[in-house]
Amino acid sequence: MSNPFRIQSPFQPSGDQPRAIEELTLAMAEPSARRILLGVTGSGKTFTAAHLVERLQVPTLVLAPNKTLAGQLYTEFRELFPDNAVEYFVSYYDYYQPEAYVPASDTYIEKDARINEQIDRMRNSATAALLSRPDVLVVASVSCIYGLGDPETYSGMALRLAAGSKMRRQELVRGLVRTQHKRGELDFQPGSFRLRGSGVEIWPIHERDRILRVELDGDLIEELLVLDPLTGEILDEPRHYAIWPCGHYIQPEDRIGDAMTAIRDEMLGQVGRMRIAGRDIEAERLERRVLSDLEDLEELGYCSGIENYSRHFEGRATGQPPFTLLNYFPPGFLCVMDECHVTLPQVYGMVKGDAARKSSLIDYGFRLPSAIDNRPLAEPEFEGLMSRVLYVSATPQHREKALAPLAPVEQIVRPTGLIDPVVDLRPATGQVEDALKEAREAIAAGGRVLVTTLTKRSAEDLSEFFQEQSVKTRYLHSDIDTLERAEILRDLRLGVFDVLVGINLLREGLDLPEVSRVLVLDADQQGFLRSTTSLIQTCGRAARHLEGRVIFYRDRETPAILECLNETSRRREIQLAHNLEHGITPTSIVKPVFGALSSATPEEHSDEPFDAPQTAEEYAILIQSKQKEMLQAASDLKFEDAIRLRNEMHRLEALSLEVLT
């Protein structure tokens, strides 16, 4: 089922949005068009991009620099396009330690990973949607440039069912096993099937809350029924249905034999060269490793690290780029590269780090040379797969400007009439005490505060100092995992705490309308964290609040500070002139607070706005309910659910104290 892209929103484009939408629609009509949308924080760049998608009516990839921002965008686009296939594609690892070898200490590090099954399902859902319908918008991180498997093989391995066609139950079961669906009579979940009377019930890997029942009459498919897995209610009666494989590296049986022959030939050649060079230890190591993998492939059809042999399975030549998510998109698709000044360097830089790690593994006999071809895309390969590209940023850099040489489409005026915050310059001497005073003033007025430091240690120390001064504070840096990071940002918005201290994670894309003060410590230090781009992006965190202000603590005006002040002043002049001309009174942005992390696993975290209780009694009832759920989850050995419920209970307890005080 597919529908034309159609936005459903109570809001209409305003501010600079109407002009930007018209200009971009004309500019992006050509399949090879490249343009920049220079949009300030809070100007509604996502809304503009959504209208562009609606105008162009082409499959769209929205590329974000991290999972947190990708999750935020995924939630927003799902709200705007409820009748279309809005999908989420990020790395499915909760934890990932890549295979590596350190020659200096003779240390081999084995690959260790923990896969998030829900994100894996969403990745399968994204590729299935791309191959079956045109109205698809995929929000992805840079993991989309990593090897994924041949889309033709993936599509060819799909089990396509049609009501009225001939198929015996045994043949259907064999087909399900071939697509790696497992039989689960008791543990029925996505990626499994079960036998029920004359029919077969299948929970496709790409479905969240729909299962398929295939009713069979002898060797005939009598009907196909899409059911609710909980109630058994019939949701649809399709004539055709495709069951997609449970993985992207699945291979037909006849191809496994050819691949094994190619792997064995490569091993013999590499082992021979190593022995001639007098590297017998490395040769022996490689031979044992590959022979063990070949044995697993022959017996199981799979081996650990099978992705390192992907070139042989896919029939690619040496150096040929791997298949990625981009290969699943049809020609002429639209790529919206959000925060392109961060995303584009990430995309271009991934392949070098991957090659450096694998070179050691190959040189010392842990992997065959073909493992190097299981890699991210290089710059020219990535660009060669791009069609229309819209680079979106408040601070586009020279790379984007070189790729899209025409003047950027500017979106300076916000729909709410808000102007860029005033930047106050203060001495760095005594900055901690002054920051504490400013934080208290902002909190007293009902606002939230962001403080940026230069190191993890200083972020933690400053957070501890503020807490000692009875200011509710948390810190945020790269050691905080993705799920906890999203919960911290949500708690800041809810008022569980008032001050968030960070380093470089308080910049691009964070949507925090409650923040009224941004304090930048040591703003005059030279480097990436205090570059012009970083300072402008950091200032933007206060641009969603009517009383937003930014304070730079410095002892001198660096070129970065001066450029930031000049650009902020330019934007303020444009915004003030527009408000005066149209009689607009600025208002703060108001946005509901969503569930803990609708970004990664929306089926586990509600996308509904958080409706906080209003009285202490209501809090007590809700806390008691959460406690019961937590204890029940623990007794059922569902410890991850118990931990999540415990965290929710603690959050509610903190909020209830606010009511009592």
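This is a predicted model: local features need pLDDT of at least 70, side-chain atom pairs count only at pLDDT 80 or more; totals for chains, interfaces and linings use all residues.
## How two helices meet: H1 and H2

Two packed helices are described by the angle between their axes and the distance between the axes. Helix H1 covers residues 17-27 and helix H2 covers residues 45-56; their axes are 9 Å apart and the packing angle is about 40°. H1 and H2 are therefore oblique to each other. Their crossing is right-handed.

Which residues make this meeting? On the H1 side you can look for Gln17, Ala20, Ile21, Glu22, Leu24 and Thr25, and on the H2 side for Phe47, Thr48, His51, Leu52, Arg55 and Leu56. Sorted by class, the contact of H1 with H2 has 6 nonpolar, 4 polar and 2 charged residues.

## A cluster of aromatic rings

Now turn to the aromatic side chains. How many aromatic pairs does the structure hold? There are 10 of them. A pair of aromatic rings is described by the distance of the centres and the angle of the planes.

Take Tyr101 and Phe366 as an example: their rings are 4.9 Å apart, centre to centre, with 35° between the planes, and the pair is tilted. Tyr101 belongs to strand S5 (residues 100-102), while Phe366 sits in the loop between helix H10 (340-363) and helix H11 (379-385), so this pair ties together parts that are 265 residues apart in sequence. Is Tyr101 buried or exposed? Tyr101 is buried, with a relative accessible area of 8%. Phe366 is buried as well, at 9%.

Phe366 also pairs with Tyr108. Here the ring centres are 4.5 Å apart and the planes are at 0°, so the pair is stacked. Tyr108 is found in strand S6 (residues 107-109), and Phe366 in the loop between H10 and H11, so to speak a link between distant parts of the chain, 258 residues apart. Tyr108 has a relative accessibility of 29% and counts as partly exposed. If you follow the ring pairs, you will find that they link Tyr101, Tyr108, Tyr364 and Phe366 into a cluster.

Helix H13 (residues 431-444) and helix H14 (residues 456-468) have axes 11 Å apart, and they pack at an angle of about 55°. That makes H13 oblique to H14. The crossing of H13 past H14 is right-handed.

H13 brings Val432, Ala435, Leu436 and Ala439 to the contact, and H14 brings Leu462, Phe465 and Phe466. What classes do these residues belong to? The contact of H13 with H14 has 7 nonpolar residues, no polar ones and no charged ones.

## Another crossing: H16 and H17

Helix H16 (residues 532-539) and helix H17 (residues 559-582) give you one more crossing to explore. Their axes come within 8 Å and cross at roughly 45°. H16 and H17 are therefore oblique to each other, and H16 passes H17 in a right-handed crossing.

From H16, the contact uses Thr532, Leu535, Ile536 and Cys539; from H17, it uses Pro559, Ala560, Ile561, Glu563, Cys564, Glu567 and Arg571. By class, the contact of H16 with H17 has 7 nonpolar, 1 polar and 3 charged residues.

Ile234 is in strand S15 (residues 234-236). With 46% relative accessibility, Ile234 counts as partly exposed. Leaving out residues up to four places away in sequence, Ile234 touches Leu225, Val226 and Leu227. Ile234 and Gly502 are 268 residues apart in sequence, and their C-alpha atoms are 50 Å apart in space.

Gln251 can be found in the loop between strand S16 (240-243) and helix H7 (253-276). Its relative accessibility is 14%, and Gln251 counts as buried. Which residues is Gln251 in contact with, leaving aside its neighbours within four places in sequence? They are Thr153, Met157, Ile256 and Phe313. Gln251 and Arg178 are 73 residues apart along the chain, and their C-alpha atoms are separated by 9.1 Å.

Note on methods:
Residues are numbered from 1 along each chain as its sequence is written. Side-chain values use heavy atoms; hydrogens and water are left out. Axes are lines fitted to C-alpha atoms, for helices over the stretch in contact, and angles run from 0 to 180 degrees between N-to-C directions. Helices (H or I, at least four residues) and strands (E, at least two) are DSSP runs, numbered from the N terminus. Angles under 35 degrees count as roughly parallel, over 145 as roughly antiparallel, 65 to 115 as roughly perpendicular and the rest as oblique. A crossing is left-handed if the near helix is turned anticlockwise from the far one by less than a right angle, and right-handed if clockwise. Contact means heavy atoms within 4.5 Å. Ala, Val, Leu, Ile, Met, Phe, Trp, Tyr, Cys and Pro count as nonpolar, Asp, Glu, Lys and Arg as charged, and the others, Gly among them, as polar. Rings of Phe, Tyr and Trp (its six-membered ring) pair if their centres lie within 6.5 Å; planes under 30 degrees apart count as stacked, over 60 as edge-to-face and the rest as tilted. Buried means under 20% relative accessible area, exposed over 50%, partly exposed in between (1.4 Å probe, protein chains only).
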